[in-house]
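Could you walk me through this model in the viewer, stop by stop? I would like to know what to select next and what is there.

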Amino acid sequence: MRILELQCRYMLKAERSTESDMGKYNFDTYYDRRNTSCLKWDFGLERKNRDDLLPLWVADMDFKLPEEILSDIEERVRHGIFGYTDPKEDYKAALRNWLQRRHGIEIEDEWNTVVPGVVYGIATAIRALTEPGDHVLIQQPVYYPFLEMIEINNRKAVNNQLVYKNRCYSIDFEDFEKKIVNNDVKLFLLCSPHNPVGRVWTGQELERLAEICYRHGVYVFSDEIHFDFVYKRHEHISFAGLDDKYKERLILGTSASKTFNIAGLQVANIIIPNKDVRERFRRENEAAGYSQSNILGLVATKSVYEKGDQWLDELIEYLEGNVSYIREFLKEKLPEIKLVEPEGTYLVWLDFSGVTRDKNELKDIVLEKAKLWLDPGSIFGKETALFERINIACPRSTLELAMNRLYEAIKNS
Ligand SMILES: Cc1ncc(COP(=O)(O)O)c(C=O)c1O
């Protein structure tokens with residue numbers, strides 16, 4: 001019932017931006033990001049020892065924010081004094097309203113803790129809610145810092161491998177529960193929507209995961225950083241929108257950083273409804289020496305949450321166009337590469353097993369011949385060395401260049 005209610009909200013949301021509103025923003029413009037200390041474009045030399053690669057790897061976007069948001073940030077910059085800060089009522093209201101308006105969830109202000117990033121939130125939750133040597137569950141292939149944060153904090157990772165069949169990913173629930181019981185798992189790191197496989201988990205799937213975790217007393221860190229990028233015919237259901245009883249052990253990780261490309265401003269909202277869990281999280285946060293947040297990050301987050309709806313709606317349409325472009329290109333010219341159809345996120349997961357069975361040859365094709373800097377499947381888990389993750393949050397012309405380079409590289413190899 002609760003899930004149906006949420007789905008109705010989404011249908012209303014879909015009607016919000018009418019046809020005549022659309023087309024205000026231009027995502028085709030290419031901006032040169034080189035020499036801006038930008039990880040994606042400027043660190044090729046440092047990280048790969050070369051400067052000839054087209055970078056479609058790290059998850060940030062090559063799009064610029066609209067003027068109405070830039071001017072809010074600029075106004076604050078012009079004030080010229082950047083002392084310590086804390087989120088005020090207007091920030092809290094903007095966050096609360098965004099979560100209510102776009103995701104149908106109600107939060108209380110005091111549930112939120114502002115931290116510098118969602119990964120920081122994951123690491124803090126691991127230390128707060130588990131002991132060294134405890135087991136933490138993940139579902140590979142998954143965003144690689146999940147595993148890194150578990151291991152660097154001296155916990156043990158347990159993997160419930162996602163099942164890949166007919167170009168789709170699903171969850172093996174029996175294995176999920178077995179892994180929890182056999183390893184006395186304390187915490188589950190959920191990626192929702194899922195990076196890199198692009199699944200937007202259904203309400204039924206989330207209910208099943210939630211119910212199993214609840215029955216076995218497992219905390220759930222639901223990383224919903226990609227929750228604003230959901231394509232037609234799919235709905236993101238927040239873990240916080242499930243039955244109230246699941247909130248007892250929930251840590252919800254959110255941020256405007258992916259949605260509005262403000263990762264460099266270092267603000268994430270970690271929402272913890274249960275007081276005891278929240279206090280444990282905050283103690284660990286204090287132990288790391290973190291207290292006040294980034295003033296420009298707060299200003300930007302408030303501004304995008306108040307003024308960014310239409311920009312985002314148009315961006316999602318543009319990204320869907322990019323997905324269609326890749327789909328058609330592969331169908332016509334490179335049918336040996338299989339697209340795992342994304343339901344959400346701007347990260348597209350490509351299966352190269354029809355091109356080669358050798359991961360070194362794949363690297364040679366992508367990096368040396370096509371001169372593309374993608375994220376290789378091997379970093380997301382053991383079984384996905386023949387996959388590549390491509391970031392499609394760029395102008396269509398950049399994507400065309402990338403796909404044509406890939407085509408030439410494969411045809412000439
Ligand atoms: C699933 C997921 N979580 C977290 C992050 C990073 O979040 P932050 O920069 O807030 O630590 C990313 C970035 O790609 C991501 O894909």
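Here is a short tour that starts at the ligand and then visits an aromatic pair and some backbone details. Keep in mind throughout that this is a predicted model.

**Stop 1: the ligand and its shell**

The ligand sits in the largest pocket.

**Stop 2**

At Val118, look at the backbone, where a polar atom is 2.7 Å from an oxygen atom of the ligand. At Asn195, turn to the side chain: one of its N or O atoms is 2.8 Å from a ligand oxygen. His226 also uses its side chain, with a polar atom 2.7 Å from an oxygen atom of the ligand. How much of the ligand does the protein bury? Taken alone, the ligand exposes 400 Å², and 89% of that is buried by the protein.

**Stop 3: an aromatic pair**

Next, display the aromatic side chains; the whole structure holds 22 aromatic pairs. Zoom in on one of them, Tyr30 and Trp41. Their ring centres are 6.3 Å apart and the planes meet at 75°, so this pair is edge-to-face. Tyr30 belongs to the loop between helix H1 (2-16) and helix H2 (39-42), while Trp41 is in helix H2, so the pair ties together parts 11 residues apart in sequence.

**Stop 4: backbone details**

Hide the side chains and follow the backbone. Most residues other than glycine have a negative phi, and most peptide bonds are trans. The next selections depart from that pattern.

- Gln140 and Pro141 are joined by a cis peptide bond with omega about 5°; Pro141 lies in the loop between strand E3 (135-138) and helix H7 (145-152).
- Ser192 to Pro193 is a cis peptide bond as well, with omega near -5°; look for Pro193 in the loop between strand E7 (187-191) and helix H9 (203-215).
- Arg233 has a positive phi, near 75°, and is found in the loop between strand E8 (219-223) and strand E9 (250-254).

How values were computed. Residues numbered from 1 in each chain as written. Predicted model: local features only at pLDDT ≥ 70, side-chain atom pairs only at ≥ 80, totals over all residues. Heavy atoms only, no water. Polar contact = N/O pair within 3.5 Å; in protein donor to acceptor, adjacent residues only side chain to side chain. Areas by Shrake-Rupley, 256 points an atom, 1.4 Å probe, with all protein chains shown as cover. 1 Å grid on protein atoms, 1.4 Å probe; cavity = no way out; pocket = protein on both sides within 12 Å on 5 of 7 lines; lining within 4 Å. Sits in = over half its atoms within 2 Å of the grid points. Phe/Tyr/Trp six-rings, centres within 6.5 Å; stacked < 30°, edge-to-face > 60°. Helix = DSSP H or I, 4+ residues; strand = E, 2+ residues; numbered from the N terminus.
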